[in-house]
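Please read the following report with the sequence and the coordinates at hand.

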Amino acid sequence: MTEDRGELPPGLALSWGVLPVQRRGPKPALSIEQIVATGIEFGDRDGFEAISLQRIAAHLGVTTNAMYRYVRSKEELIVLVNDKAVGLPPELPSGWRPAAIAWVNAQVKLYAERPWLLDVPIRGAPVTPNQLRWVEAMLTALSETGLSQHDNLGCLLLLSGYVRNYASLARQLGSSADAPVQAEQVGRFLVPRLIEGGYPTLTSVYLNQEYEDGLDDDLDFGLARILDGIDVLIAKR
């Protein structure tokens, strides 16, 4: 399908399969799908900064200027790559709470597999097909709560923000293979100084090995507290 994309945000029309009005000239040598797939390949292999029109052009054997026949800017490219890389949500179980747990775990897994997605700039609410599938899936599950659409959107935003914060922290803590050893060494160094300096509560936490550079079951703990809060909101309606 082709039509004038007008003043729509970069990548929006293309993400929905709406192509720009074709100009006269030779048949395109590439496809949007090829370009996007290459961008994802670079992201998976080398990270977000590797996704560029120049690198994709060189990989596909065309000039950088030729790329502008397919995408108008790097911003448009990133929108398309991001939506494709996010993919579709899993089928969620019945019940809003089990559905929320599955939805959050699926997103955490996605960010663990493709951490470069965390580097993609957020420019407003989701508007592309796959991202909206994730929104649709969670809103459908929340619709049984009896909350207003406004409150359901708020719950969705809360869950989405929790996922990103957790995934970002997990990414940073997991960036060093030496983190567990360093944490143990830091603990041995700090404990006597905490005792001497008058930090009794933190001393107890350290001695009980609770204060570590690891997430352990923090995902489940934090998520459960959010869902408990949603339960309270439901009870008040």
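In this predicted model, the largest pocket lies between domain 1 (12-85) and domain 2 (87-236), because both domains give residues to its lining. The volume of this pocket is about 1100 Å³. Its lining is made up of 34 residues, and those closest to the centre of the pocket are Ile122, Gly124, Ala125, Pro126 and Gln131. Helix H5 (74-86), helix H6 (96-113), helix H7 (129-142) and helix H8 (149-173) are the elements that each give two or more residues to the lining. When the lining residues are sorted by class, 23 are nonpolar, seven are polar and four are charged.

As for the chain as a whole, it has eleven helices and zero strands, so that reading along the sequence gives the pattern α-α-α-α-α-α-α-α-α-α-α. Of the 237 residues in the chain, 36% are buried. The accessible surface of the chain comes to about 14400 Å², and carbon and sulfur atoms account for 54% of that surface. Where contacts join residues at least 6 apart in sequence, 68% of them are between residues at least 24 apart.

| Residue | State | Relative accessible area |
|---|---|---|
| Thr38 | buried | 5% |
| Asp83 | buried | 5% |

Is Asp83 buried or exposed, and on what ground? Asp83 has a relative accessible area of 5%, and buried means under 20%, which is why Asp83 is classed as buried. This residue lies in helix H5, one of the helices that give two or more residues to the lining of the largest pocket. Leaving out residues up to four places away in sequence, Asp83 touches Thr128, Pro129, Asn130 and Gln131, and Gln131 is among the residues closest to the centre of that pocket. Although Asp83 and Pro129 are 46 residues apart in sequence, their C-alpha atoms are 7.2 Å apart in space.

Thr38, for its part, is placed in helix H2, which spans residues 32-46. With a relative accessible area of 5%, Thr38 is buried as well. Which residues does Thr38 contact, once its neighbours within four places in sequence are left aside? The contacts of Thr38 are then with Ile56, His59 and Leu60.

Key: Residues numbered from 1 in each chain as written. Predicted model: local features only at pLDDT ≥ 70, side-chain atom pairs only at ≥ 80, totals over all residues. Heavy atoms only, no water. 1 Å grid on protein atoms, 1.4 Å probe; cavity = no way out; pocket = protein on both sides within 12 Å on 5 of 7 lines; lining within 4 Å. Points joined across faces, edges and corners; volume = space filled by probe spheres on them. Helix = DSSP H or I, 4+ residues; strand = E, 2+ residues; numbered from the N terminus. Nonpolar A, V, L, I, M, F, W, Y, C, P; charged D, E, K, R; others polar. Domains from an automatic or database assignment. Buried < 20%, exposed > 50% of the residue type's maximum accessible area, 1.4 Å probe, protein only. Contact = heavy atoms within 4.5 Å. Areas by Shrake-Rupley, 256 points an atom, 1.4 Å probe, with all protein chains shown as cover.
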